[in-house]
Amino acid sequence: MMPRWLRSLWSTATGRFAVIAVGVIALVALISLFWTPFNPLEAAVRNRWAPPSWPHLLGTDGTGRDILSLIMAGARTTVFVSVGSGIVATVVGIALAALGALTFRWMRETVAVLVDILIAFPVLIIAMMISSVWGGSLWVVIWAVGIGFGVNIARVTRPELRRVQKSDFVLAGRASGLTTSQNLVRHLLPNVAPVFIVQLSWSMAVAVLAEAGLSYLGFGASVTEPSWGILLADLQRYIGIHPLSVVWPGLAITITVLSLNLLGDALREATDPTLQHRSAEIPTPAVVA
């Protein structure tokens, strides 16, 4: 049987759009591992700047590369960065939130100060600083975005852990002999999961935007890796001559970021009982005959 929060997510137009769009992007990234219409990195000078037509459905760029194939391969890079940064943000966020909520007072205060310091630095600046030392790569983007948004997740999750820690079932588990780590896994994390999942979906949306922006500036993916940001940087120089070619990578970035943001909003509404209760109390306007 479908869980209640999933039924609530699917019942709204925003939730359905977000789930379908994110699913299509993930499917395109998976398909691009095995098949693309053309080799995304193979140049064909004779076909340069071909208009959208068969067999180049979205046209070609200045070196004759198929734009549809580049966008499909770029989806693979986008999914890799968003999932990778999400995993890093999960580990960093849970670790900092647990240290800031379940340990001794001096440790909690130290973590709180550390989170306040780290959250003051924009993620893009951190990534550019790391790239200047280690060189630009997707791994730099993953670690920079993951750590940056892991701090955000910790800041939001920490007070929720402190609140749930005072619940009767947590105290009962502690009285029954459960250790702090066992209580964290069995009781605390499941009860803060809605807040955590929402923050994670939003951080993945910003990870997509950060990867595209850093690749556009030359601090992200290398030129040998397909990326929407690199494709946008290559095509924007010819926007006055071939404006339609710039639309496709920009549209792909926009739809992906919008879908993940809408998914976060829909998840918040589907998993927050106070919002559900509030919406149920809103009276239906009477229809005047």
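Contact here means heavy atoms within 4.5 Å. By that criterion, among contacts between residues at least 6 apart in sequence, 66% join residues at least 24 apart. The model is predicted. The protein has eleven helices and zero strands. Buried residues make up 39% of its 289 residues.

**Overall layout**

- From the N terminus on, the order of elements is α-α-α-α-α-α-α-α-α-α-α.
- The C-alpha trace spans about 75 × 70 × 35 Å along its principal axes.

**Packing of α6 and α8**

- Two packed helices are described by the angle between their axes and the distance between the axes.
- Helix α6 covers residues 138-165, and helix α8 covers residues 180-217.
- The two pack at an angle of about 150 degrees. Their axes lie 8 Å apart.
- Angles over 145 degrees count as roughly antiparallel, so α6 and α8 are roughly antiparallel to each other.
- The crossing of α6 and α8 is right-handed.
- The residues of this contact divide into 18 nonpolar, six polar and two charged.

**Val 185, a residue of α8**

- Val 185 is found in helix α8.
- Is Val 185 buried or exposed? The cut-off for exposed is over 50% relative accessible area. Val 185 has 56%, and is therefore exposed.
- Arg 162 is 23 residues from Val 185 along the chain. The C-alpha atoms of Val 185 and Arg 162 are separated by 15 Å.

**The largest nonpolar core**

- The largest nonpolar core has 23 residues.
- Which of its residues touch the most other members? They are Ile 71, Trp 228 and Leu 235.
- Helices α3 (67-102), α8, α9 (228-235) and α10 (243-271) each supply at least two residues of this core.
- The largest share comes from α8, with six residues.

**Around Leu 235**

- Leu 235 is one of the core residues that touch the most other members.
- What does Leu 235 touch, not counting residues up to four places away in sequence? The list is Trp 49, Asp 61, Ile 67, Ser 245, Val 246 and Pro 249.

**Recap of α8**

- Helix α8 packs against α6 with the axes 8 Å apart.

Technical notes
Residues numbered from 1 in each chain as written. Predicted model: local features only at pLDDT ≥ 70, side-chain atom pairs only at ≥ 80, totals over all residues. Heavy atoms only, no water. Axes fitted to C-alpha atoms, helices over the stretch in contact; angles between N-to-C directions. Helix = DSSP H or I, 4+ residues; strand = E, 2+ residues; numbered from the N terminus. Parallel < 35°, antiparallel > 145°, perpendicular 65-115°, else oblique. Left-handed = near helix turned anticlockwise from the far one by under 90°. Nonpolar A, V, L, I, M, F, W, Y, C, P; charged D, E, K, R; others polar. Buried < 20%, exposed > 50% of the residue type's maximum accessible area, 1.4 Å probe, protein only. Core = buried A, V, L, I, M, F, W, Y, C linked by side-chain atoms within 4.5 Å.
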